[in-house]
Amino acid sequence: MDDVATKPAAPAAQAIPQPATDGFQLVIDALKLNGIDTVFGLPGIPITDLTRRMQKNGMRVIAFRHEQNAGYAASIAGFLTQKPGICLTVSAPGFLNGLTALAHATTNCFPMILISGSSEREVVDLVQGDYEEMDQLAIAKTMCKAAFRVLHAEDIGVGIARAIRAALSGRPGGVYLDLPAKLFPQAMDAQAGKNSLIKVVDPAPRQIPAPEAVQRALDLLKSARKPLIILGKGAAYAQADADIRVLVEKTGIPYLPMSMAKGLLPDTHEQCASAARSYVLPEADVVMLIGARLNWLLSQGKGKTWGGATAKTWGGQKFVQVDIWPQEADSNVRIDAPLVGDIGSCVKALNAGIGSGWPKPPSAWLAAVAERKSRNVAKMAETLAKNPSPMSFQSALAVVRDVVKANPDAILVNEGANALDFTRSIVDMYKPRKRIDVGTWGIMGIGMGYCVAAAVVTGQQVIAVEGDSAFGFSGMETETICRYNLPVCVVILNNNGVYRGDEKNAAGGADPSPLVFVKDARYEMLMQAFGGVGAHVKTPGELRRAMEEAIRSRRPTLINAVIDEAGGTESGRITSLNPK
Ligand code: ADP
Ligand code: TPW
């Protein structure tokens with residue numbers, strides 16, 4: 001008998017189970033493939049497991065107490081790193097809480113992606129009343145640069161690639177990515193899943209300006225009798241610091257940094273005209289805007305309040321505008337020489353056209369600017385030298401100014417009205433992207449979210465100068481700061497209210513004025529409640545000691561600095577915008 005024939009037949013080849021992946025994993029892999037290793041968010045249905053698995057996969061998940069603060073953190077992480085900041089939220093209310101920050105990112109031209117879990121389309125579209133049901137995609141579309149939804153695991157790679165490219169390319173902005181709950185557990189073959197992912201190539205391509213546009217800009221600049229350069233936060237974002245410095249120094253033109261462009265060149269630079277702002281703005285004849293829009297912050301280029309209530313009407317200037325968005329030019333006044341391209345490429349092209357024979361601006365103009373500057377600096381020095389009791393905004397900020405000078409790598413977060421305006425004008429910045437603040441909207445609430453993100457993505461010491469009202473919008477994140485043990489020193493300039501603390505109920509009733517808070521509130525105890533350091537200070541000396549100790553120890557610290565409650569003015573420097 002044939003041995004072989006009597007052997008039982010070999011079993012039919014069995015299907016070897018292929019290793020599988022799922023939607024959770026593909027989202028994580030797609031983000032990591034694109035160099036995104038940190039997310040800011042708040043867990044809950046349907047993204048709780050996503051946050052756990054992100055952490056398991058080596059991502060940093062910074063969990064907040066409110067999504068709006070996580071969103072602001074993501075937005076400023078985008079500004080600081082040129083990578084889209086990610087905010088992760090639950091559906092409906094969590095999504096809506098994050099949406100303010102997404103709109104803020106878009107308005108400020110910061111790259112950010114809001115990723116929200118959502119209910120299933122078929123339920124939402126029939127309005128069948130799901131848990132936290134909402135047509136999130138439709139709502140988000142109106143608030144951001146682009147919005148996408150992914151329904152199938154094999155499309156996650158495309159969805160994330162599109163979101164990244166939309167956030168970073170051209171004018172950066174906010175992007176919404178809708179991920180319905182059922183997407184996460186969808187399984188697929190691991191290799192096919194891997195193949196479906198996209199590593200985005202060159203997400204923010206250089207945009208080279210046209211040579212004739214460069215020449216037009218140079219010709220106009222050369223013709224100027226009173227030229228001025230305005231650097232905006234687009235210039236800070238672009239990270240073209242060395243080329244911008246060459247442009248400023250080679251031309252010898254006085255420059256003004258917008259708030260978040262402070263420090264792009266040190267504020268102490270001899271060409272910095274900040275201290276003569278209300279003189280140079282209406283007086284200049286040719287203004288070159290680099291990454292700054294002619295919006296309300298520049299009185300639309302034609303307003304009467306340009307540079308403050310006492311400034312002259314401005315108009316008749318000629319403009320060069322360097323911007324990546326072709327439609328920005330002429331948005332308010334005629335732009336005589338639009339220069340469209342990325343700031344790095346545009347500034348390089350300008351520098352190439354500025355030879356050694358480039359004429360310095362007329363000396364009469366430089367002398368007039370210098371004279372105004374030294375007059376205003378002397379006036380400010382007089383104010384800063386005073387030591388009133390209770391402290392004034394100025395006497396407290398003289399201390400912050402010294403501490404920032406001694407710690408130029410620290411990042412300064414700033415919000416409030418008077419607390420904002422005084423800090424901007426008193427505290428010099430020495431390095432690029434070290435000042436982050438209320439931005440284009442003049443928004444309150446960015447404070448603690450910005451502190452967390454700045455500490456997490458840069459590892460640097462963070463100093464926040466906060467109005468007491470401003471702080472209240474995000475104050476609960478002191479717990480987040482303590483939980484992650486971040487080197488954040490919050491200084492509250494506490495004047496007991498919005499703008500000031502001495503207002504009375506206009507009707508004389510028992511309710512307090514809508515503009516005042518509990519007097520002598522002990523905000524420092526909030527930080528102490530979570531294990532951080534609190535200090536209650538009433539003099540510049542005490543403030544200095546507390547700030548220096550915070551920086552030495554790198555411990556989460558909140559300094560409640562008591563300020564004269566009659567010290568502020570309504571809306572700070574923009575009082576005139578209040579309708580009367
Ligand atoms: P600021 O508030 O400081 O005046 P804005 O936010 O008004 O600044 O303006 C920033 C501008 O910078 C926007 O118009 C934006 O399109 C532009 N921008 C941002 N990034 C770049 C870049 N890399 N290259 C060129 N322009 C940029
Ligand atoms: C989201 C309106 C502008 S400034 C401000 C408010 C409420 C607070 C000013 O008081 P604060 O500072 O912070 O104590 P100070 O130094 O002047 O006393 N809601 C949002 N954004 C804005 N801008 C407001 C309200 C506002």
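**Ligand shells, salt bridges and surface of the predicted model**

An oxygen atom of ligand 1 is placed 2.7 Å from a polar backbone atom of Lys233, a polar contact being a pair of N or O atoms within 3.5 Å, where within protein one must be able to donate a hydrogen and the other to accept it, and residues adjacent in sequence count only if both atoms are side-chain atoms. The model is predicted, with local features needing pLDDT of at least 70 and side-chain atom pairs counting only at pLDDT 80 or more, while totals for chains, interfaces and linings use all residues. Residues are numbered from 1 along each chain as its sequence is written, chains are lettered from A and ligands numbered from 1 in the order in which they are written, and side-chain values use heavy atoms, with hydrogens and water left out.

Two further contacts to ligand 1 come from arginine side chains. A polar side-chain atom of Arg171 is found 2.8 Å from an oxygen atom of the ligand, and for Arg293 a polar side-chain atom likewise lies 2.8 Å from an oxygen atom of ligand 1. On its own, ligand 1 has 590 Å² of accessible area, of which the protein covers 96%; accessible areas come from the Shrake-Rupley method with a 1.4 Å probe, and for residues only the protein chains shown count as cover. The ligand is surrounded by 20 residues, and the closest are Arg171, Lys233, Arg293, Asp323 and Ile343; a residue is near a molecule or strand if one of its heavy atoms lies within 4 Å of it. Helix H11 (residues 233-237) contributes the most to this shell, with 3 residues, helices (H or I, at least four residues) and strands (E, at least two) being DSSP runs numbered from the N terminus. The shell around ligand 1 comprises 9 nonpolar, 6 polar and 5 charged residues, where Ala, Val, Leu, Ile, Met, Phe, Trp, Tyr, Cys and Pro count as nonpolar, Asp, Glu, Lys and Arg as charged, and the others, Gly among them, as polar.

Ligand 2 is surrounded by 17 residues, the closest of which are Asn418, Ala419, Gly442, Asp468 and Ala470. A backbone N or O atom of Ala470 is 2.9 Å from an oxygen atom of ligand 2. The protein buries 75% of the 590 Å² that ligand 2 exposes when taken alone. H17 and helix H19 (468-472) each supply at least two residues of the shell around ligand 2, and H19 gives the most, with 3 residues. By class, the shell around ligand 2 has 9 nonpolar, 7 polar and 1 charged.

Glu415 lies in strand S14 (residues 411-415) and is buried, at 0% relative accessibility; buried means under 20% relative accessible area, exposed over 50%, and partly exposed in between (1.4 Å probe, protein chains only). The side chain of Glu415 reaches two backbone nitrogens, that of Ile446 at 3.2 Å and that of Gly447 at 2.8 Å.

The whole structure contains 25 salt bridges, each a side-chain nitrogen of Lys or Arg within 4 Å of a carboxyl oxygen of Asp or Glu. Side chains of opposite charge can pair when their charged atoms come close. Arg52 and Asp49 form one of these bridges (2.6 Å, N to O), and the two residues are separated by about one helical turn because they are 3 residues apart in helix H3 (residues 48-56). Arg52 is exposed at 52% relative accessibility, whereas Asp49 is partly exposed at 37%. Asp125 and Arg121 are also bridged (3.2 Å, N to O). Both lie in helix H6 (residues 121-125), 4 residues apart. Asp125 is partly exposed at 43% relative accessibility, and Arg121 is partly exposed at 35%.

Asp241 and Arg433 form a salt bridge (2.7 Å, N to O). This pair links distant parts of the chain, 192 residues apart, with Asp241 in helix H12 (residues 241-251) and Arg433 in the loop between helix H17 (418-426) and strand S15 (435-437). Arg433 is buried, at 13% relative accessibility. A network of salt bridges links Arg65, Glu479 and Arg483.
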